[in-house]
Amino acid sequence: MTSSSLSISKPASWKLSLLDNNLFNSAIRYVAVPLTGVLVFLLLWSATAQNIDTSLGKFPGPAAVWEQFGALYQEHERSREKAAAFYERQEIRNAERLAEDPGYQPKIRDYTGKETFIDQIFTSLITVMSGFLLAVAIAIPLGIATGLSRTLSSAINPIIQIFKPVSPLAWLPLVTMVVSALYTSTDPLVAKSFLNSMITVTLCCLWPMVINTSVGVAGIESDLVNVSKVLRLSPLKHVQKIVLPASVPMIFTGMRLSLGVAWMVLIAAEMLAQNPGLGKFVWDEFQNGSSDSLARIMAAVIVIGVIGFLLDRAMLQLQKLASWDKDSITH
Amino acid sequence: MKWTQLFRRAAITVGLASTLGLATPATSAELGYPEKEELTFGFIKLTDMAPIAIAYEKGFFEDEGLYVTIEAQANWKVLLDGVIDGRLDGAHMLAGQPIAATMGFGTKAEIITPFSMDLNGNGITVSNEIWEQMKPNIPKMDNGLPVHPIKADALKPVVEKYKAAGKPFNMGMVFPVSTHNYELRYWLAAGGIHPGYYAPHKGDISGQIDADALLSVTPPPQMPATLEAGTIYGYCVGEPWNQQAVFKGIGVPVVTDYEIWKDNPEKVFGITKAFAEKYPNTTIRITRALIRAAMWLDENNNANRPEAVKILSRSNYVGADYEVIANSMTGTFEYEKGDKREVPDFNVFFRYHATYPYYSDAIWYLTQMRRWGQISEDKSDDWYKEMAAKVYRPDIYRAAAESLIKDKLASADQFPDFSSEDGYREPQTHFIDGIVYNGQKPNEYIGKFPIGLKAGQKL
């Protein structure tokens, strides 16, 4: 995982074409060509799907998947209606009980119905962002510290090198066991399953960010370090004024890398541990073996892909905002 | 006649209950409010989880003031661990699971059951290839269809052929202490095919010692795919995974568990003993809701079954297609494609006292655990009875049933006569090999099997 792979500078010809900007050209480049690509893919998909017809089911074509998107949305709407009825019934029941038993503290419980596809999307998004932010909070200070201190770096390096190649999914059983042992509140703030998924995501986000941050910090130009020395900046000021600004591009590269990995790992972890989210949705559908299952799984696959893409774009925008060295970032 | 007597007694009890009901309005307050109101129950995608789904969908849980979340689990191990570590408050379980857990075979934990979930509901399916080889050994009726029940005698020559060719004959079941494991073993052994022994005291929990057919674990929903892949040649599983194989043309169900042992007890609802002690009212209320659901499922000669199938076919429950689930749930069963036969009692949820946790049902499971070596040493008859009484809790069932009778949601004739009930069914005669099972004499029963460990034997 080299951190430099993402920061290839733009070829000169590309810059030129942008300069003599031609509306027609860019329309072709940004609209027509990608659209053709998608169309060709859809045609290929449709043609191949028709030819994959096993005894375990027919591979879903684009039309079947589109239909399932509609069905999933309707399911969501219906579930919302049921939830509303659930809350109404609950209020009536609470009132009845209060009449019988005045000491009762009425409580409104969450709707107990199954999470819909749309709920699962939000669950996954919240989980991945929480895990990622927790990792940021740990990895960046750690990365800065190892980048600044050779001793610390060589102390921590072997651990990082050993844990970095371990699939975070291998951690999952350990995480699950530790969480169940330590997190034993009777009225927990967040569900155990959420913690399990989140910590797994954190574990996989950690290493790319630590490494990139540490490389970024260690690679600060010696001129800058000398300036800091001349000005006799305190260590805190040194980090704040010199180290952080100078290593921001590398930090963001690490963050972007790890968010991409995190999203992939989260879906797999949800499938494996049956934790709520898109991964569980896919696994549940696989277990159903209904004639719609494959199309629903495909719908989920598309959503997972689109979200992964959007997450990456969002990080890229953030990186552009935070970095002044615009040329070092492309796509 | 016995029937009229029964009817009269029931009428009297109902009359008594209703006069009592008039004197003191039968509010559920007498039972006490549930101590824990928010509950999570686990299940495996099988049609016999129906009482839980129905209790939820028909509002029976809410009537008890319980707010229940129902979650499908990946496999029986995950489900059991969930109940043990408290992630789940209760679950749809294999009857053998609470018994094995309490005994300490596998994970050790005290789990009890106040409610037996159903009778029958499983089948044994073989791949098309094996079916073709079995077919010549099966007698035919006048219309050319095979005579049922099909015994494992028809499979024996096929297994021997594989053995002679040095090929292992692999079959799937869902869990080492599953009903399916014992049913498959029972059927095979009744036909002279040795399904292999367990030897936990030597660390051998594969269950393949001396085996002619090698049984291994596959989660229920993956059975058809595993059969299709050729990893196993046959399997024993609950519905809809036998009918699914027929629909997809992957395999042929050869026998149902109804034919192996008529009206055999199947799944149970399991909770930890600690849960029942900490939340006694909640436990009774859960049992009440489940009893009502079971009654609803069998009401008016299965009139509600089509609606139940519609509910089960939703993706958050079993999720298979309506037609596939309906096949067994509405009283028929399709064997070879096109060979659809009436099996009105394929799934029984309430009649024949299906939900009452009989000690003798638990003891049958224990005898099979002993027969196949999961219990490695001899135990006295009393030990079997004590173990059954630790796990099966008719006392909780009784409290729930009596409070339902009091609330006029059920009548006394629908339940066993609690005043005389000792928890042991009459000796059971409807086994495929004709052996009679008397729950009062487990050791004598174990001694009757030609294949299986007997008194004094230890591997």
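**Words and their cut-offs**

Reply: Start with a pair of strands: β6 (residues 122-127) and β11 of chain B pair in the antiparallel sense over five bridges. This is a predicted model, where local features need pLDDT of at least 70, side-chain atom pairs count only at pLDDT 80 or more, and totals for chains, interfaces and linings use all residues. Residues are numbered from 1 along each chain as its sequence is written, chains are lettered from A and ligands numbered from 1 in the order in which they are written, and side-chain values use heavy atoms, with hydrogens and water left out.

Me: What makes β6(B) and β11(B) a pair?

Reply: Two strands pair if DSSP finds at least two bridges between them. Here there are five bridges. B:Val126, for one, stands opposite B:Gly234 in β11(B). Strands themselves are DSSP runs of E, at least two residues long, and helices are runs of H or I, at least four, both numbered from the N terminus.

Me: How do you know that β7(B) pairs with β11(B)?

Reply: β7(B), residues 169-173, has two bridges to β11(B), in the parallel sense. The cut-off is at least two bridges, so they pair. In β11(B), B:Gly234 is the bridge partner of B:Met171.

Me: Why is strand β11 of chain B called largely enclosed?

Reply: Five of its five residues, 234-238, are buried, so the rest of the structure largely encloses β11(B). Buried means under 20% relative accessible area, exposed means over 50%, and partly exposed lies in between (1.4 Å probe, protein chains only). Both faces are covered. B:Gly234, B:Cys236 and B:Gly238 lie on one side, B:Tyr235 and B:Val237 on the other.

Me: Why is A:Ser149 called partly exposed?

Reply: Its relative accessible area is 25%. That value falls between 20% and 50%, so A:Ser149 is partly exposed. A:Ser149 sits in the loop between α4 (117-148) and α5 (150-163) of chain A.

Me: Which residues of α14(B) and α15(B) meet?

Reply: B:Arg305, B:Pro306, B:Ala308, B:Val309, B:Lys310 and B:Leu312 in α14(B) meet B:Tyr322, B:Ile325, B:Ala326 and B:Met329 in α15(B). Contact means heavy atoms within 4.5 Å.

Me: What makes β2 and β4 of chain B stand at the edges?

Reply: The open sheet runs β2-β1-β3-β13-β4 in chain B, with mixed pairing. β2 (67-72) and β4 (111-116) each have a single partner strand, so one side of each is left without a neighbour in the sheet. β4(B) runs antiparallel to β13 (residues 267-272) of chain B, joined by four bridges. B:Ile112 stands opposite B:Ile271 in β13(B).
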